[in-house]
Amino acid sequence: MTDEYARLERACSGLQAPFALVDLDAMWSNAAEMLARSADKPIRVASKSVRSRALLDKILAHHPRLRGLMTFTLSETLWLHGHGHRDLLLAYPTADRLGLAELGRIESHDRPIVMVDCSAGLDFIARAVPSPAAPVRVCIELDVGFPLLRGRVKLGPKRSPIRTPDAAVALVREIERRPGVELAGLMAYEGHIAGLGDSPLRKPLHARAIRWMQRASAAEISERRAAVVEAVSAVSPLGLVNGGGTGSLHTTSAEPAVSELTAGSGFYAPTLFDRYSAFRLRPAAMFALPVVRRPGARVATLLGGGYHASGAAGRDRLPEPYLPAGLALDPLEGAGEVQTPVKGGAAEALAVGDNVYLRHAKAGELLERFASVHLMSRGEVVDEVPSYRGEGQCFL
Ligand SMILES: Cc1ncc(COP(=O)(O)O)c(C=O)c1O
């Protein structure tokens, strides 16, 4: 058994698995790595990738350049606002009528900002909040997908229909014509760079194609984003221009048109972020499952574990056994609803009641499975804090 596994087992000897764990020392090392890749730009923290208020508070207090939250639903945004959080940017359009009505009652200058990308979205806001106490602050989203084959194929998240300076200016003029809304900023997320590792395991050709696509796309985005920002700023001032994610901090931060970046996943460093050639993060979030059976010499069966990540279904969305090293999921069983067998030489030394530590493929989704998360520092468990679920919140 490795020293690292023994250290974890010693630290967690008072805890009953299953439990979630965040290694704060690894998380702060990841924060430093991300701040270094961000030049001197501020990083807005993606709340969906953290999903614990206590951890969000710790992250925001950790460094002056970690500031503001990028939120994922309007009810979450209003809940955080109710708990005193400010500088909130909701990064996904909302169809939450009641939430918009509540947002419309907030008058303060720093009221949360919501995302729009078309006139139908503006109409929806106008119907939900016909007479807000103060104009609803909106951010327009720009599509930064990478066009191939003269635009017949587009790589990247399918988000906004706005791609050109003209289209962005047309939407801004529409915002200006409406008394119930005001322009607060512009956001563009290059998910095919920020969220796609360029070093997939055992796929060298695939890796070369990804690297070519990401280099070409980053160059195209840099020019187009600057042109859109210039055109929009000539019509209406932009309070913020947000871009990037954990995997693109080093490229997006080089764009003068971008005023702030976003990152969330990099704090926990789930397995999907192991596959980037430009940076290394330390696994910070994990979960422990107890060994409940030993069906064979090189097999240990764990309780629970079927915590698949969202996205196109594939093996890379499954949790990965982490410690002790040398364990793998059984390809025929994967990660099960109630039981997960793990196989390999390291299973031989495992006894019923020992823990196996696993990592999730994505960041915040792990905390939808646990009401609390234990925090570890310098080899000791130092605190236990609630997840969103632990506070009774289930936003998505
Ligand atoms: C708009 C936007 N910005 C940034 C991110 C990056 O978040 P993370 O750093 O957690 O991958 C995301 C994630 O999906 C996003 O939707």
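Predicted model: local features only at pLDDT ≥ 70, side-chain atom pairs only at ≥ 80, totals over all residues.
**View A. Residues lining the largest cavity.** Glu141, Leu142, Asp143, Val144, Gly145, Pro157, Arg159, Tyr189 and His192 line the largest cavity. Residues are numbered from 1 along each chain as its sequence is written, and side-chain values use heavy atoms, with hydrogens and water left out. The volume of the largest cavity is about 40 Å³, counted as the space filled by probe spheres set on the points, with grid points joined across faces, edges and corners. The structure holds 1 cavity of 30 Å³ or more. Sorted by class, the lining has 4 nonpolar, 2 polar and 3 charged residues (nonpolar: Ala, Val, Leu, Ile, Met, Phe, Trp, Tyr, Cys and Pro; charged: Asp, Glu, Lys and Arg; polar: the others, Gly among them).

**View B. The shell around the ligand.** Which residues come closest to the ligand? They are Ser49, Tyr92, Thr246, Gly264 and Ser265, out of 16 residues that surround the ligand (a residue is near if one of its heavy atoms lies within 4 Å). The shell splits into 7 nonpolar, 7 polar and 2 charged residues.

View C. A polar contact is a pair of N or O atoms within 3.5 Å. Ser49 uses an N or O atom of its side chain, 2.6 Å from an oxygen atom of the ligand. Thr246 also brings in a polar side-chain atom, 2.6 Å from a ligand oxygen atom. With Gly264 it's a backbone N or O atom, 2.9 Å from an oxygen atom of the ligand. Taken alone, the ligand exposes 390 Å², and the protein buries 94% of that (areas from the Shrake-Rupley method with a 1.4 Å probe).

**View D. Two cis peptide bonds.** Ala17 and Pro18 are joined by a cis peptide bond, with omega about 0 degrees. You'll find Pro18 in the loop between helix H1 (3–11) and strand S1 (19–23) (helices, H or I with at least four residues, and strands, E with at least two, are DSSP runs numbered from the N terminus). The bond from Leu323 to Pro324 is cis too, with omega near 0 degrees. Pro324 sits in the loop between strand S14 (320–323) and strand S15 (328–329).

**View E. Arg51 and its phi angle.** Arg51 isn't glycine, yet its phi is positive, near 55 degrees. Look for Arg51 in the loop between strand S2 (43–46) and helix H3 (53–62).

Notes:
Polar contact = N/O pair within 3.5 Å; in protein donor to acceptor, adjacent residues only side chain to side chain. 1 Å grid on protein atoms, 1.4 Å probe; cavity = no way out; pocket = protein on both sides within 12 Å on 5 of 7 lines; lining within 4 Å.
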